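Biologist: I am new to this structure. Please take me through its side-chain contacts one kind at a time.

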Amino acid sequence: MHDLVIRGGTLVDGSGSPRQQGDLAIDGDRITAVGGVAGAGRREVDARGLVVAPGWVDIHTHYDGQATWDPYVTPSSWHGVTTAVMGNCGVGFAPVRPDRHAWLIGLMEGVEDIPGTALAEGIRWSWEAFPEYLDALDAMPRAMDLGAQVPHGAVRAYVMGERGAKNAPATADDIAEMASIVREGLAAGALGFTTSRTLLHRAIDGEPVPGTFAATDELLGIGRVLGELGRGVLELASDLMPEEPELAWMEQVSAATGRPITFALLQNDVDPGQWRRLLDATDQAAARGAHLVPQVAARPTSLLLGLQGTLHPFVGHATYRALADLPLAERVRRLQDPETKRRMLAERVAFSSPVLAYLATAFHKIFPLGDPPDYEPPAEASIAALARRRGVTAEEVAYDTLLERAGHQMLYLPFLNYSGFDFEAIREMLLHPRTVIGLADGGAHCGVICDASTPTFLLTHWARDRRRGERLGLEQLVRRQTRDTAALYGLHDRGVLAPGMKADVNVIDLDALALAAPEMVFDLPARGRRLVQRASGYRMTIVSGSVVAEKGSATGALPGRLVRGPQRAPRV
Ligand SMILES: [Zn+2]
């Protein structure tokens, strides 16, 4: 008698093999039979007409703080994620000296737009060293497995104090000390080391993340630890401008250590062909023995502009600022007043930064997101195009759009991966054999970005709904978000439905699978706000053999654990 039998489903097993009809049996926390007809189960689930797939492994999240207070790790758990890797992009909460808690919160708030008040109220700080942070995570049961990485920003500030925080060059002693902290973290179970090399990532005081300008000797000195232990991934976000020196150190560190380096790869409008050169460069680097893994997104990195969010085209207008603190319903009522609208649209505004000015007024690239949300709209659907057709200004169309759906409508600004106004570049990136899917940023950018739904979007858009170009095969998409992501991080015990593998499983009604429009909720500690997006169509999510969610509701089961280090494939 099996513990659980999922009967008669369409098994998409994560290996990329063609789907097959059959049963899946689970005993304890392991899968024990896949395909064919399994014996009886203590519990049986009728999965006829449903897809049965491995749980999603999302390698790019920022739940480092939230994971210490929220056992459900939402919104990722709503999207079938059963393992999330956090600590990306050089930011996290350990190691930390007792007098630097507020500073680390400011770093996370600045880089990842997670409300500092929520972090300050939510985090209990029962640790100083990285292994103590892992112990704190380990002591807390949750609805999914989590993996942590050692963040350069925290390590640098811990070792070098103000010099580190202010990005002064590291001495040989600093590097040795940082390396020893990373060694200790990896030995205790960290899955990697992460760093930030983009000027877009800044602490709340405006200083780029500690380590942004780290020289090759620092990166090599720390990277060698990964090589020495034979484990761990080096993850980074870089502007890659210029790209040559960045590629050069990545290749050098990967070749010297034998460890994979994964870097964010996105198409930008300034140099819309760069991504292709970078893919070619990783092929060439591979031929020379370096393992560079471009981390790609399943849709554009987009800002969502809304009345409840951080940014929209009118945040700088005096007339708006006078209303900004009113409750949403009241604000909408006031904004509907024709006189308020007339005054607002007549105001000329200076934005605090040119980036902000561009982002908030790039109307040729701003679209009504709608409900259900459309993430691949044609150029003719932009606010600017709508305005031309209606014979009014783009500002006016934006204004009216923001008031739709009682002020809940959002404007969609795909600022990366959308230079061609379609997903063809993304499609090529997803198909490239060296890339890995990531960048969903679960837990982060709470006021303006919401891409934690990426695993669901792969199925709804790429496998089923895409109209403006070719779709991708379901088997391939599932493999990309399960076996491939797990394998990069050495988690060979999951990501495939096979006997002996960890029983992390999604049962999905693919016909009914749908994404809701993103919404702003105020459920972080201290009533902090965050954008979330819900999904329907997940019938069941199973972690380590326990059903953690059924028909969209958490069951209360918390079998998730901290994953310490790489995991061996089962011997069957
Ligand atoms: Zn990130």
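Modeller: Start with accessibility: a residue is buried under 20% relative accessible area, exposed over 50%, and partly exposed in between, using a 1.4 Å probe and protein chains only. Arg 43, with a relative accessible area of 34%, is therefore partly exposed. This is a predicted model, so local features need pLDDT of at least 70 and side-chain atom pairs count only at pLDDT 80 or more, while totals for chains, interfaces and linings use all residues. Residues are numbered from 1 along each chain as its sequence is written, and side-chain values use heavy atoms, with hydrogens and water left out.

Biologist: Which residue does Arg 43 meet in a salt bridge?

Modeller: Side chains of opposite charge can pair when their charged atoms come close. A salt bridge here is a side-chain nitrogen of Lys or Arg within 4 Å of a carboxyl oxygen of Asp or Glu. Arg 43 pairs with Glu 550, at 2.6 Å from N to O. Helices (H or I, at least four residues) and strands (E, at least two) are DSSP runs, numbered from the N terminus. Glu 550 belongs to strand 24 (residues 546–550) and Arg 43 to strand 4 (residues 41–46), so the bridge ties together parts 507 residues apart in sequence. Glu 550 is partly exposed, at 28%.

Biologist: How many salt bridges does the whole structure have?

Modeller: The search finds 42. One of them joins Glu 330 and Arg 334, at 3.8 Å from N to O. Both residues lie in helix 10 (residues 328–335), four residues apart, about one turn of the helix. Elsewhere, salt bridges with shared partners connect Asp 145, Asp 493, Arg 494, Lys 502 and Asp 504 in one network.

Biologist: How many aromatic pairs are there?

Modeller: Rings of Phe, Tyr and Trp (its six-membered ring) pair if their centres lie within 6.5 Å; planes under 30 degrees apart are stacked, over 60 edge-to-face, and the rest tilted. The structure holds 14 such pairs. Phe 367 and Phe 421 have ring centres 6.4 Å apart and planes at 70 degrees, so they are edge-to-face. Phe 367 is buried, at 0% relative accessibility, and Phe 421 is buried at 19%. Ring pairs link a cluster that includes Phe 367, Phe 421 and Phe 457.

Biologist: Which charged end sits over the ring of Phe 421?

Modeller: A charge sits over a ring if NZ of Lys or CZ of Arg is within 6 Å of the ring centre and within 35 degrees of the ring normal. For Phe 421 the charged end is that of Lys 365, 5.8 Å from the ring centre. Arg 299 has its charged end over the ring of Phe 457, 4.9 Å from the centre.
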